[in-house]
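Subject: Structure handover

Hello,

Here is the structure for your files. Please look through it first; notes on what was found in it follow below.

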Amino acid sequence: MNITIVMGESEFSMEVSPQESILETKQKIENLLGVPVASQNLSVFGFELLDGLYIQDYPISTQGTKIRLTIFQNSNTIAETSVQQIENFQIIVKISARKINIDIDRTETVRSLKEKIHIVDGTPIRRMALYFSGNELNDDYRSLIEYGVQEFSEIIVFLKTVSRMVTDPPSRGLNLVVQTSSSLLNAAKIPVEMSDLGTVNDLRQLLLDRTILPMDDYIFIHKQRIMRDSCSLRWHGVENGDFVYVFKGSVSREAC
């Protein structure tokens, strides 16, 4: 896949793979431009590309997609790089039978880690129970460091289940904001009310029926992750007041 890197007033093209990590892409840029990975910030449609995720986790689905590169200039590069190496490290997250590596820093909380796992895996945040060294990380706003998490620590994700004898929680209404891209309605913010059991397809149809959006293909994004058409807002972890972003385009995604 060919993408375009935009840097200030200049731009250049490079080849990437959908399975390529963002960190690998940054390393390619370092080889081409000599800009250290630690000084790079990549973004697409206003979303920062996180090192622990992959190209396919973002709406980069067409040839020539433009990714913006911002370079941080540090007056004390060597000292700040050393601090960053100390402050940022990698942990191992085990989900079912697979393991993934995630980059975190020393300010990472249990909640922010759950959000990263949701971005990578799509697991609803409310269903996650995180365990480290046999103990549940049950305080969402406590830092991982306080729980003793260190570099290469392994955190296990268990999914909270509801007994089959107990019905699922009843549906509830959600008030959310649909934010369009600058190419649609001049980046409008559209308040929407719908059931949390409604699917992304239902949301799309609602916007089309109200003629808020013209008939076209659209991608919906919540918390930097492409939403799946047939999955409910509850499945995606959408809460009251959340923003859902919409862009023109289409991408093939697996079912819920």
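A network of salt bridges links Arg126, Arg172, Asp196, Arg234 and Glu239; a salt bridge here is a side-chain nitrogen of Lys or Arg within 4 Å of a carboxyl oxygen of Asp or Glu. This is a predicted model, in which local features need pLDDT of at least 70 and side-chain atom pairs pLDDT 80 or more, while totals for chains, interfaces and linings use all residues. Residues are numbered from 1 along each chain as its sequence is written, and side-chain values use heavy atoms, without hydrogens and water.

Arg172 lies in the loop between E10 and strand E11 (173-180), and Asp196, 24 residues away, in the loop between strand E12 (189-195) and helix H4 (200-209). Helices (H or I, at least four residues) and strands (E, at least two) are DSSP runs, numbered from the N terminus. Asp196 is buried at 1% relative accessible area, and Arg172 is partly exposed at 31% (buried is under 20%, exposed over 50%, partly exposed in between, with a 1.4 Å probe and protein chains only).

Another salt bridge joins Glu154 and Lys99, at 3.1 Å between the closest N and O atoms. Glu154 is in strand E10 and Lys99 in strand E7, 55 residues apart.

Both strands belong to an open, mixed sheet of five, ordered E7-E6-E10-E8-E9 (two strands pair if DSSP finds at least two bridges between them). E7 (98-105) and E9 (135-136) are its edges, each with a single partner strand, so one side of each has no neighbour in the sheet.

Regards
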